[in-house]
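The sequence and structure are shown first, and the description follows.

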Amino acid sequence: MSATRVEHYEAQMRRLAQRLSTEAGLVRWVASGSLVRRSTVCGKPGCRCQAEPPRPHGPYWQWTKKVAGKTVTRRLSDAEARLFQKWVGDRQRLRATLAAMEDVSDKAAALLVKSAASSPRTATRRSRASR
């Protein structure tokens, strides 16, 4: 039964590896972080953002990421935001595929280790090593 499951995981891994290869071939640039569209209020008395009802400034595109443990934020133009949307999305898709590959590998490894531990050849090696 476990051999069938290992074969299933191997087939699943081949599909994921093919998907990762395809996705990586389509990706030119990647960016970490997050991209949001945000409106702001300035706090200046008499400004439109302080009126009733308030009319905040923006909306503005904002890209945020961590660099050396510090949060770095950059305001982007619409053209820059379109680029970053693709780059951040591509990175997220690649990471999701890698995470799926790790999950399948973990499941297969558990079966393969269990199978190797119960094989007669491994048991013989263990008994010789304990002498």
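Is Arg74 buried, partly exposed or exposed? Arg74 is partly exposed, with a relative accessible area of 38%; here buried means under 20% relative accessible area, exposed means over 50%, and partly exposed lies in between, with a 1.4 Å probe and protein chains only.

The model is predicted, and local features need pLDDT of at least 70, side-chain atom pairs count only at pLDDT 80 or more, and totals for chains, interfaces and linings use all residues. Residues are numbered from 1 along each chain as its sequence is written, and side-chain values use heavy atoms, with hydrogens and water left out.

**Salt bridges**

The table presents pairs from among them.

| Pair | N to O distance | Relative accessible area |
|---|---|---|
| Arg19 and Glu23 | 3.7 Å | Arg19 40%, Glu23 19% |
| Glu80 and Arg74 | 3.1 Å | Glu80 26%, Arg74 38% |
| Asp90 and Arg93 | 2.5 Å | Asp90 5%, Arg93 45% |

Arg19 and Glu23 lie four residues apart in helix α1 (residues 2-26), about one turn of the helix. Helices here are DSSP runs of H or I with at least four residues, strands are runs of E with at least two, and both are numbered from the N terminus. Arg19 counts as partly exposed, whereas Glu23 is buried.

Asp90 and Arg93 are three residues apart in helix α2 (residues 78-118), a separation of about one helical turn. Asp90 is buried, while Arg93 is partly exposed.

**Thr97 in helix α2**

Thr97 belongs to helix α2 and is buried, at 1% relative accessibility. Its side chain is joined to that of Glu23 by a polar contact of 2.9 Å. A polar contact is a pair of N or O atoms within 3.5 Å; within protein, one must be able to donate a hydrogen and the other to accept it, and residues adjacent in sequence count only if both atoms are side-chain atoms. With neighbours within four places in sequence left aside, Thr97 is in contact (heavy atoms within 4.5 Å) with Leu16, Arg19, Leu20 and Glu23.

**Nonpolar cores**

A nonpolar core is a set of buried Ala, Val, Leu, Ile, Met, Phe, Trp, Tyr and Cys residues joined through side-chain atoms within 4.5 Å. The largest such core has ten residues, including Val6, Leu16, Leu20, Leu94, Met101 and Leu111. Helices α1 and α2 each supply at least two of its residues, and α2 gives the most, with five. Met101 touches Met13, Leu16, Ala17 and Leu20, when residues up to four places away in sequence are not counted. A second, separate core has eight residues, among them Ala31, Trp61, Trp63 and Val88.

**Cysteines**

The structure holds zero disulfides, a disulfide being a pair of cysteine sulfur atoms within 2.5 Å. For Cys42, the closest cysteine sulfur is that of Cys49, at 3.5 Å, which is too far for a bond. For Cys47, the closest is that of Cys42, at 3.6 Å, again too far for a bond. Cys42 is partly exposed, with a relative accessible area of 38%, whereas Cys47 counts as buried at 17%.

Technical notes: Salt bridge = Lys/Arg side-chain N within 4 Å of Asp/Glu carboxyl O.
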